2 protein chains.
Amino acid sequence: MVSVVDVARYAGVSQATVSRVLSGKTFVTEATRTRVMEAIEILGYQPSSIGKALRSGQIDSVAFLVSDIEQGWYSTLAKQLHTALGEIGLDMLLFDLEHSQKRLLQVLRHCQSLHVRALILSSSDPFNFADMRSEIANLQQRNIRLISTGQDLTEAGFVSIIHDEQQAGHQAIAHLLARGCRKIAYLNRVSHSIAGQKRFQAYRSALAAYGLEYDDALVWSEPAFRFEGGYRSASDALAKGIKFDAILAGTDELATGALAALTDAGLRVPDDVALIGFGDLSLSSYIRPALSTLSGEAPEVCRHVVECLGHSEIDVRPISRRLILRTSA
Amino acid sequence: MVSVVDVARYAGVSQATVSRVLSGKTFVTEATRTRVMEAIEILGYQPSSIGKALRSGQIDSVAFLVSDIEQGWYSTLAKQLHTALGEIGLDMLLFDLEHSQKRLLQVLRHCQSLHVRALILSSSDPFNFADMRSEIANLQQRNIRLISTGQDLTEAGFVSIIHDEQQAGHQAIAHLLARGCRKIAYLNRVSHSIAGQKRFQAYRSALAAYGLEYDDALVWSEPAFRFEGGYRSASDALAKGIKFDAILAGTDELATGALAALTDAGLRVPDDVALIGFGDLSLSSYIRPALSTLSGEAPEVCRHVVECLGHSEIDVRPISRRLILRTSA
DNA sequence: GGATGAAATGAAAACGTTGTCATTAAAAAT
DNA sequence: ATTTTTAATGACAACGTTTTCATTTCATCC
């Protein structure tokens, strides 16, 4: 492969000059500049990212860790983050955690030797971050920026971009109340994550605020995250004869699964049972009947991430964003 | 950062010995081995992937290029490929092409300086590969394996893992005929890709084989790829008063969009109009009414990719896989 | 006991980049 | 004409790994 040395030799200059031409930061005579450019052109030289990495001590990539890339919200985030990163010259190394703490630990360890610029964790899974203290410290020591979207991990050392669950919960409940709903079920993955807890607390406090009674039978915890979880939870509730007229679901996939169960049972949505999911627009607005969804506004999240990547000073305060309720009808 | 030099010094051996201990391929005394391991433990040494890359001339990653990571089939493939690659110690650099030829060209160029092990292109978009001949040659010269899933790019130099469109078309049409359908619409993205052409040819030849008439009004080309494309195509056809009793769609998303349009128009699926999509199971089986889908069998595709990565000899013949028809009812 | 071979280790080079320091050449000021 | 300043360039080091080649140590055999 052709390297700076070859270019330098061909152009009759030193490596340093070639480097200067490439970076364009210091003074080079126009004559030598063109000579070097010609040599580059003729030899087909392309700078090696490995050499650059060796010199700078880091690669031009970030690690993007998601719970499950198949889920709509995460793939949307991946796409938009990919675009945003591309604009500042960074590539994206994708790691799918499959909701597994073990996988997360492996990936954290792996990233230590990878010398990525940043590690962006996008997950609301209830990981035990105390078990990863040494790994996290190691990453920080290596000057790898840690960013979390999905849950507040400020304590664990992540810059956190989170959603205002309190506000979202109230917004959703208020919307359902306005529709006339009174028995609102809460459907989410088995979760003790901060985000999960907060959303559940928001559900409870919103119920209380609007004078509705809390009922354990209306809280459905699911081990499965996607469609099948929603389907099973709703089916089970119907089979048990539990009465409900609305479901607040943790993801659009859970809501869609529940919707299938309701449809199969001959119930009409949203007349008999109203549904609110969480995610983006693409799926929920083309499901029939259409779903309402609490939209996470991926572009804004990406903007915050990129901003955090740009600045060398870290503002450790969590960034809280509102969720926008997109109603179907 | 602590490097082999530090470990070597601490253990009182040479760098070479440390490297030997790490790789474990050559002879080292048990005594020195433990001494080195101790030093590694105490100093908290972790081998740098950059150093390794510099030495070997390539990084332990592959570039995965997809048309659109938000689409179900591609995110499924990404997830499973990520797992499969992980098992052979490779990371995945994700590039979302957004169906753009310009982006593809950029990424191809970028990969030249990235020194990835392989470039896996997963797209059935109608790119003009003649325009990228020099980039492709460059990548081949750099010993970067080129793999295509989604269309046969054997000519362009890619090892291709493709679907048997002919068989799939016949299977789908036969299924629809058995249901009693006679006016079968073909819905896909505007596409002159080999895969797109082949599938369309399969549609035409299957129609002919089963004695149905071909009708231009039943062929819907969409610039938009996802839900909105399917919705618009089906709505337009209905508005124009075009009669049809089945739709063969290029993706599950297009089918789902069409389904929404049909539902909005008060048509019942599959009784009034039958639908067949393409993708995996997760979405299509939780839509109501459920979709039939031609499933691409992602695990098998991944297996082929990894196999191709493992062997140093390249078998240039395209690998053709059957599509499996998953029916809803 | 000296020659032979095998096992274990060390020294050094190579990969490609960029930045520091030193040097030369040219222009400006005295 | 000599000194001072500035622009332009070159030589070389450093990053961390692996591998080749050379060397040492030790056991084995005649």
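Reader: Hi! How many bridges join E2(A) to strand E2 of chain B, and do they run parallel or antiparallel?
Author: Three bridges join E2(A) to E2(B), residues 91-96 of chain B, and the two strands run antiparallel. Strands are DSSP runs of E with at least two residues, helices are runs of H or I with at least four, and both are numbered from the N terminus. This is a predicted model, where local features need pLDDT of at least 70 and side-chain atom pairs count only at pLDDT 80 or more, while totals for chains, interfaces and linings use all residues. Residues are numbered from 1 along each chain as its sequence is written, and chains are lettered from A and ligands numbered from 1 in the order in which they are written.

Reader: Which residue in E2(B) is the bridge partner of A:Leu94?
Author: B:Met92 is the bridge partner of A:Leu94, and A:Met92 has B:Leu94 as its partner in E2(B).

Reader: What sheet do those strands belong to?
Author: An open sheet of twelve strands with mixed pairing, in the order E11(A)-E5(A)-E4(A)-E3(A)-E1(A)-E2(A)-E2(B)-E1(B)-E3(B)-E4(B)-E5(B)-E11(B). Strands pair if DSSP finds at least two bridges between them. The edge strands are E11 (319-321) of chain A and E11 (319-321) of chain B, each pairing on one side only.

Reader: And how many residues does the contact take from each chain?
Author: Chain A gives 37 residues and chain B gives 37 residues; contact here is C-beta atoms, placed from the backbone, within 7 Å. On the side of chain A that touches chain B, H11(A) supplies the largest share, six residues. By class, that side has 16 nonpolar, 14 polar and seven charged residues. Nonpolar covers Ala, Val, Leu, Ile, Met, Phe, Trp, Tyr, Cys and Pro, charged covers Asp, Glu, Lys and Arg, and the others, Gly among them, are polar.

Reader: Switching to packing: which residues have the most contacts inside the largest nonpolar core?
Author: A:Phe64 and B:Phe64, in a core of 93 residues. A core is a set of buried Ala, Val, Leu, Ile, Met, Phe, Trp, Tyr and Cys residues joined through C-beta atoms within 7 Å. Leaving aside neighbours within four places in sequence, A:Phe64 touches residues including A:Leu81, A:Leu93, A:Phe95 and A:Ile120.

Reader: Is A:Gly57 buried or exposed?
Author: A:Gly57 is exposed, because 12 other C-beta atoms lie within 10 Å; buried needs 20 or more within 10 Å, exposed 12 or fewer, and partly exposed is in between, with C-beta atoms placed from the backbone. A:Gly57 sits in the loop between H4 and strand E1 (61-66) of chain A. A:Arg117 is 60 residues apart from A:Gly57 along the chain, with their C-alpha atoms separated by 9.8 Å.

Reader: Last one: what does the six-strand sheet of chain B look like?
Author: That sheet is open and mixed, in the order E7-E6-E8-E9-E10-E12. Its edge strands are E7 (219-222) and E12 (324-326) of chain B. Four bridges join E9 (residues 274-279) to E10 (residues 292-295), which run parallel, and B:Phe278 stands opposite B:Leu294 in E10(B).

Definitions and conventions: Contact = placed C-beta atoms within 7 Å.
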